[in-house]
Amino acid sequence: MAVSATAIMNLFFTILLTQAPINLSYGSSTSDDVVCIESEKKALLSFKQDLVDPSNRLLSWNVSNENCCKWAGIVSNNLTGHVEQLQLSSFDPDYDFFGRGSLEGKINPSLLGLKHLRYLDLSHNEFGGIQIPNFIGSLVSLTHLNITDAGFQGLIPHQLGNLSSLTHLGLQGMAELYVENLHWLSGLSSLKHLEMGYVNLGKASDHWLQVINRLSSLSELHLSGCELSHIIPNNSVFYVNFTSLSVLDISYNNFNSFIPEWIFGMNSLVYLDLSSNTFIGPFPNSAYCWNLTSLKGLNAADNSMDSSLAIWISGLSSSLESLDLGGNALQGPLPCSNQNMTALRYLDLSRSESNSMAAISIGFLYDLVGLEYVYLSDSNLEGVISSAIQNLTSLVHLELSYNSLIGEMPTCMGNLASLVYLDLSSNSLEGEIPSFLGNLTSIVHLDLSFNSLKAKIPTALGNLKSIVTLGLSSNSIEGEIPTALGNLKSIVTLDLSSNSIQGEIPTSLGNLCNLSDLSLGGNKFGGKVSNAFDSLLSAGCLSNSLTSLDLSENLFFGQLTDQIAEFKNVVRLSLGDNMISGPLPESLGKLTELEDLSIGGNQLNGSLPESLGGLSNLGGLNISSDHLEGVVTELHFANLTRLRMLLASGNSVSLRVSPDWIPPFDYCRFELESWNLGPTFPMWLKTQKYVDMDISNTQISGIIPSWLSNLTIEYLNVSHNQLSGRIPDILHIYSPYSMVYMSSNMLSGPLPRITSGLVELDLSNNSLSGDISHFLCHPLATPNNLSILHLGRNHFSGNIPDCWMHWPELEVINLDDNNLTGKIPSSVESLQSLLSLHLRNNSLSGEITPSLQNCKQLSVLDLGLNEFSGSIPTWMGTRLNLTVLILRSNKLNGQIPFELCSLTALQIMDVADNNLSGTIPRCFDKLKAMTTEQVMKEAISYSNFDGYFFEEVMVVIKGREDQYDIILPLVNGLDLSSNKLTGEIPQQLTALQGLISLNLSENFLEGRIPDSIGNMKSLESLDLSRNQLSGVIPPSLSSLTFLSYLNLSYNNLSGKIPLSTQIQSFDASSFIGNALCGPPLYNICDEDQSKPTINNEEQKADDGGEADRWFHLGIGTGFAVGFFGVVAPLLISTDWRHAYFGFFGYFWYKILYKYNCLWP
């Protein structure tokens, strides 16, 4: 088990602080001869009457026990019998826990009868939010008052300022206590110890320090978490009066300023805590003002200081034992040596926000030979671990995780015999796991996960008899688990996940009788899953101790049997993503402690056992992507009152429950995609406190019930069903990240009203209609949080409204395939977060609005299949950073602007079917993303949370238009076809070696095909048809081994078609309309005319006769088919005649229109 840095630091605080002597006896220390005062006895009994004592701690307080000096918690004077101390804290220092039962009730004023009471301790009780009684300020003999964490709330009474003899005051709260001011503290002139941590002192921020500065006897001040926001700055004159102060704790406030220099002039300080205060800037110059000669402990963690370590560390006391500067922006390099800090035992420089820390190999750390606890995780450390680490012979705890350490671990680390805790995780360490780690026999925690370690697990690790936690996950470890790991008798957590370990699980692991958490997921373990269970259960130990077992993402096969029930205390069981088959055993219902069961991604079949309904502790169940079938009823959920997540998509299961079924849970994340929930909308949904549900493709039909508007939605996906009618308003959301997906249904009518907190809305592929102005221009509230709006493939009409200023968070807008008209409104300039804009296949017109250039985050722009006119704006290349630009099938004219060459991230450019003219820009070789082959990477997803909203783009490749989404990052395409481009194909175009599709067809390009066309190794589709290209086909074309679509037809090409298996596999239609020869064309090249003659005249005659017979037979058959199939119907039917000649007339008209041959 990991030991927290805070716990270790607290240990040091205890060692470092010198506490004032306090009598903490918990029973009477009074002489047997002394009898208590009768009036005080009555006062105590009256005090008890108003208390609630559920643990009978005050059982001895009764009339029959006459001597109250002997009562529990009472300390009386040995001479006079007067009660001097009342010790009623529930904290038990002998056992270091709150184990004696809290007192409750209220505080009776009878305490005023204890005139000689000097010590009152009511701490760590539960007085239920009552105020601190004012009369306590009248107990003028008190020297010690401790009501820390006693359940008091409200205003601290100023009457406490009357306790002029008070030396110790403990008022620490839980943010329920507050003050109007602190002026009353001035009356406590004898105060030495003040504890007001987590009392709200916000209203005293402007004077707290001035008041406390009057308490000249103060030795300890604890004001942690008091909501203070002001501290006297360096530019103000301030003279420190509390010169005896040894402990100053002002952590967890919000000063947001430089650390005042006067703090570092307090030479009496032994411990100083400035942590978590948002202090900024550097430490004061140590040579100028530091005088902390007595300091043993300094905690300035979790601020925003950017001090240079080398400058200020020299000013620290040579007696310093504990230093915590974690969570700052410390600057390096570290000093080469620090002989004046040899007493240092605790060092925390972790979580540095700076990139300037030097590598661990420097001498600073290794000179501090007294170090026992070192925390340097996430500190931007680089380089190798120096062998000088062997100097730290006292080292007990070493954390170097989340850095950039490289190389192998030095052998000398095996000599650190005192080491108990070692964490080197999340670095880049290499090589084998060293065997010398087996020498660290005192080690309790060893974590080497998330590195690049390889080879096998050394058997020497079996020597670590004291180890409790061993983490080797996420490396490149191979081989099998050594049987020696079965010697780790103390181990509780063993994590070998995400490696390449193979073989079967050794039976020796079954001997680890203390093992609670075993993670073997993400490896190559194989064999029957029943054999794996046999190995783990071989000694009988793990059936009791194991609470978490992860065997997921391996190669286990076979069926689950009743032996699974032997893991009777397992809480988390993960068997997902294996090859386990067969049905789920009913014995799963015997795992009564089970909270999380994951068995998805296997080959399980059969029905879901009803016994799962008896797992009353089950909170999460993952059975997704299996082959389960059958019916699930109410019995399957009978006792699942704690169920919070059911992942069951991808099965063929039917849910059959009664219409009035009320699930035993009121909030659960359901993923039931592909189930059968139909035919009607599930009524039980309205019983859920929150809706977090994927019920897409579940055969639901009919209308969406109106009560959906009353539900609080976090995630709702009802896509791919047969829902019809209007969409109810979406008015309630669970969180500011809520999502609704209703695509691919038959929904109709106008858009619903939505709450301003909805983040993602997909209503695409329905039959919604009307205009969208009411939705966009009259939202329920502003600002709106909507980031994804998909309304594509509907029947919306009218103009796009000029109201986008109400939707500043939008990242994705998809209005494809509607009937929208008009121009793109200028208010789109307010969409500063816009990443993707789809307006494809509408009837939008006018020039492309320059307002889009303000959408500087825009990455995908699809304006294709509209009626936009004018030229392609130059700002598209200078103001945007597009990856996809589609402008095809519009009315754009002019030249392709060379500014587009600045789009270095552009992967898809489609400006086909416009009226563009001029030449192809020669700077296209600067389109960097097209010059390199794309590697597989994650799909472009815009959903920030649980939704899966992927980028979708329609791309024309190989003469066919397809939708790309998941593999879109792999697609590189350039389409300039069907324009009026002239000139030659620039040689620079062949530098686009990442292109998979190039289409320049139907232009007026001339000249030769570049000889370097063969450099475009990724090309799968090349279309240069219907141009005026001449010359020969470059031989390098035959090296395009991925080419599967080629069209060079209707040019002026000549010569022989290059020979290659790839080219000759294409149809002759790819080359027609040229002067080419050779296969796959039938015309033979001149150099191939010479063919050997056949001398066998008889064979020639036979071949000729056979050919003649087939020729005449074909003529007869063709005549019959042509006459009776075409001519005869035209003669007989007038309608056929009109349709036939009408078709050819229309076709001829289209040709003339296409080539501008129509007369006026």
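Predicted model: local features only at pLDDT ≥ 70, side-chain atom pairs only at ≥ 80, totals over all residues.

Analyst: Gln87 sits in strand E3, residues 83-87; strands (E, at least two residues) and helices (H or I, at least four) are DSSP runs numbered from the N terminus. Its side chain makes a polar contact with that of Gln85 at 2.5 Å. A polar contact here is a pair of N or O atoms within 3.5 Å; within protein, one must be able to donate a hydrogen and the other to accept it, and residues adjacent in sequence count only if both atoms are side-chain atoms.

Residues are numbered from 1 along each chain as its sequence is written, and side-chain values use heavy atoms, with hydrogens and water left out. On pLDDT, the predictor's confidence in each residue from 0 to 100, the protein chain averages 87, and 86% of the residues score at least 70. Over residues 1152-1160, though, the pLDDT is below 50, and the model gives that stretch six contacts beyond near neighbours in sequence (a contact means heavy atoms within 4.5 Å).

Now the cysteines. Taking a disulfide as a pair of cysteine sulfur atoms within 2.5 Å, the count comes to five. Number the bonded cysteines in sequence order and the pairing reads 1-2, 3-4, 5-6, 7-8, 9-10.

Cys513 and Cys541 are joined with an S to S distance of 1.8 Å. Cys513 is in the loop between strand E30 (502-503) and strand E31 (517-519), and Cys541 in the loop between helix H7 (529-536) and helix H8 (542-545), so the link ties together parts 28 residues apart in sequence. Cys513 counts as partly exposed at 37% relative accessibility, whereas Cys541 is buried at 18%.

Next up is Cys777 with Cys803, again a disulfide, S to S 1.8 Å. With 90 degrees about the S-S bond, this link is right-handed. Cys777 belongs to helix H9 (residues 773-777) and Cys803 to the loop between strand E53 (795-799) and strand E54 (812-814), so parts 26 residues apart in sequence get tied together. Both ends are tucked away: Cys777 is buried at 18%, and Cys803 is buried at 11%.

Cys901 pairs with Cys923, S to S 1.9 Å. The torsion about that S-S bond is about 65 degrees, so this disulfide is right-handed. Cys901 lies in the loop between strand E61 (891-895) and strand E62 (908-910), with Cys923 in the loop between strand E63 (915-919) and helix H11 (928-931), so the bond ties together parts 22 residues apart in sequence. Cys901 is buried at 5%, and Cys923 is buried at 18%.

Two other cysteines deserve a glance for burial: Cys412 counts as buried at 11% relative accessibility, and Cys668 as buried at 1%.

Definitions and conventions. Buried < 20%, exposed > 50% of the residue type's maximum accessible area, 1.4 Å probe, protein only.
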